[in-house]
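Here's a quick briefing to read with the structure open beside you.

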Amino acid sequence: MHAYANPTRFLKLARPLTGWFLVLGIAMVVGASLYGLFVAPADRLMGDTVRILYIHVPTVWLAMGGWTAIAIASVIQIVWRHPLAAVAARAVALPGAFFTAMGLITGSIWARPTWGTWWVWDGRIISVLVLFFLYIAYIALASASSAQGGVSRVTAIFGIVGAINIPIINRSVVWWNSLHQPASITARGSSIDESFLWPLMVSVLGFSLIFGAIVLMRMRMILAQTKVEARLKRMAAE
Amino acid sequence: MNQWAFVWASYAIVLLGSAATLIWSYRTMKSAEHKANSLESRR
């Protein structure tokens, strides 16, 4: 891990990876979307609205995965003082917030024909809304306290503390009465029929690769901006 | 309301939003890298 603490070595790996993640991610998302829209069967109860599954589940998965990545990067930043960990955490925040918003919006659209309402104040939806506000607060804190392209110690601690919301989102449908269905995919297996499951897995993987490409691009942008700031400071001092 | 209207709306928002985020991230990255390289070559 420490081998990639060097930004030059990291950039050597990140440049080709960005392209690969992008090409594979787009191909998988386009394939899964076409399958989801035109080939996958309709559900016995939900009818055609079940097709929203292929787009809603990946966004919520990335919302939760994004904050988990911020928490892990924050621990690495504080414990091992890895210089790229802070840059990675800052790079994840914006796409994380975007996919959380997408999860809330697609969930609301799906709720209207299925539950008969756009919004209900239940445990799952409130905890995801809290996650969105946590992302916004993290972005504000990181922008106000950016240090050498990364984030300050206080922001990193906020990233770790905020991770308490992730198991709450996961368990919310078990702990509280909810209109939201319980988890269909657990460590013990899946209750989803294979005709729905495989395109869903392809869609989740495809969106994850696109998310990875966005994070790599943002990390490259932050590193380039840090380089510019350092160079301008040197020029001013000369 | 037709169920397909909800399906199309969901796909359009997520796919167009993701494409916009991707393009914006790419452009800001390229612009920052270009600025860094041009400052480097001014040495």
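**A loop residue to start with**

Arg81(A) sits in the loop between helix 2 (53-80) and helix 3 (83-115) of chain A. Bear in mind that this is a predicted model. The model scores ipTM 0.93 and pTM 0.92.

**More on Arg81(A)**

- Although Arg81(A) is not a glycine, its phi is positive, at about 55°.
- Is Arg81(A) buried or exposed? Arg81(A) counts as exposed, because it has 10 C-beta neighbours inside 10 Å, and the cut-off for exposed is 12 or fewer.

**Chain A as a whole**

- Chain A is built from seven helices and two strands.
- Walk along the sequence and the order of elements in chain A is α-α-α-α-α-α-β-β-α.
- Of the 238 residues in chain A, 43% are buried.
- Take the contacts in chain A between residues at least 6 apart in sequence: 79% of them join residues at least 24 apart.

**Helix 1 against helix 7 in chain A**

- Two packed helices are described by the angle between their axes and the distance between the axes.
- For helix 1 (residues 7-39) and helix 7 (residues 194-237) of chain A, the angle is about 150° and the axes are 7 Å apart.
- How do these two run relative to each other? Helix 1 of chain A and helix 7 of chain A are roughly antiparallel, because angles over 145 degrees count that way.
- The crossing of helix 1 of chain A past helix 7 of chain A is left-handed.
- As for what lines the contact of helix 1 of chain A with helix 7 of chain A, there are 23 nonpolar residues, seven polar and one charged.

**Helix 4 against helix 6 in chain A**

- Helix 4 (residues 123-144) and helix 6 (residues 165-175) of chain A cross at roughly 165°, and their axes come within 8 Å.
- That angle makes helix 4 of chain A roughly antiparallel to helix 6 of chain A.
- Helix 4 of chain A and helix 6 of chain A also cross in a left-handed way.
- Which residues make the contact? On the helix 4 side of chain A they are Gly123(A), Arg124(A), Ser127(A), Val128(A), Val130(A), Leu131(A) and Leu134(A).
- From helix 6 of chain A come Asn165(A), Ile168(A), Ile169(A), Ser172(A), Val173(A) and Trp175(A).
- Sorted by type, the residues of the contact of helix 4 of chain A with helix 6 of chain A are eight nonpolar, four polar and one charged.

**Chain B**

- How many helices and strands does chain B have? Chain B has one helix and zero strands.
- The C-alpha trace of chain B spans about 65 × 5 × 5 Å along its principal axes.
- Chain B has 43 residues, and 23% of them are buried.
- On confidence, chain B averages a pLDDT of 92, with 95% of its residues scoring at least 70.

**Where the two chains meet**

- Chain A puts 30 residues into the contact and chain B puts in 23.
- The side of chain B that touches chain A divides into 14 nonpolar residues, seven polar and two charged.

Conventions: Residues are numbered from 1 along each chain as its sequence is written. Chains are lettered from A and ligands numbered from 1 in the order in which they are written. This is a predicted model: local features need pLDDT of at least 70, side-chain atom pairs count only at pLDDT 80 or more; totals for chains, interfaces and linings use all residues. Axes are lines fitted to C-alpha atoms, for helices over the stretch in contact, and angles run from 0 to 180 degrees between N-to-C directions. Helices (H or I, at least four residues) and strands (E, at least two) are DSSP runs, numbered from the N terminus. Angles under 35 degrees count as roughly parallel, over 145 as roughly antiparallel, 65 to 115 as roughly perpendicular and the rest as oblique. A crossing is left-handed if the near helix is turned anticlockwise from the far one by less than a right angle, and right-handed if clockwise. Ala, Val, Leu, Ile, Met, Phe, Trp, Tyr, Cys and Pro count as nonpolar, Asp, Glu, Lys and Arg as charged, and the others, Gly among them, as polar. Two residues are in contact if their C-beta atoms, placed from the backbone, lie within 7 Å. pLDDT is the predictor's confidence in each residue, from 0 to 100. A residue is buried if 20 or more other C-beta atoms lie within 10 Å of its own, exposed if 12 or fewer, and partly exposed in between; C-beta atoms are placed from the backbone.
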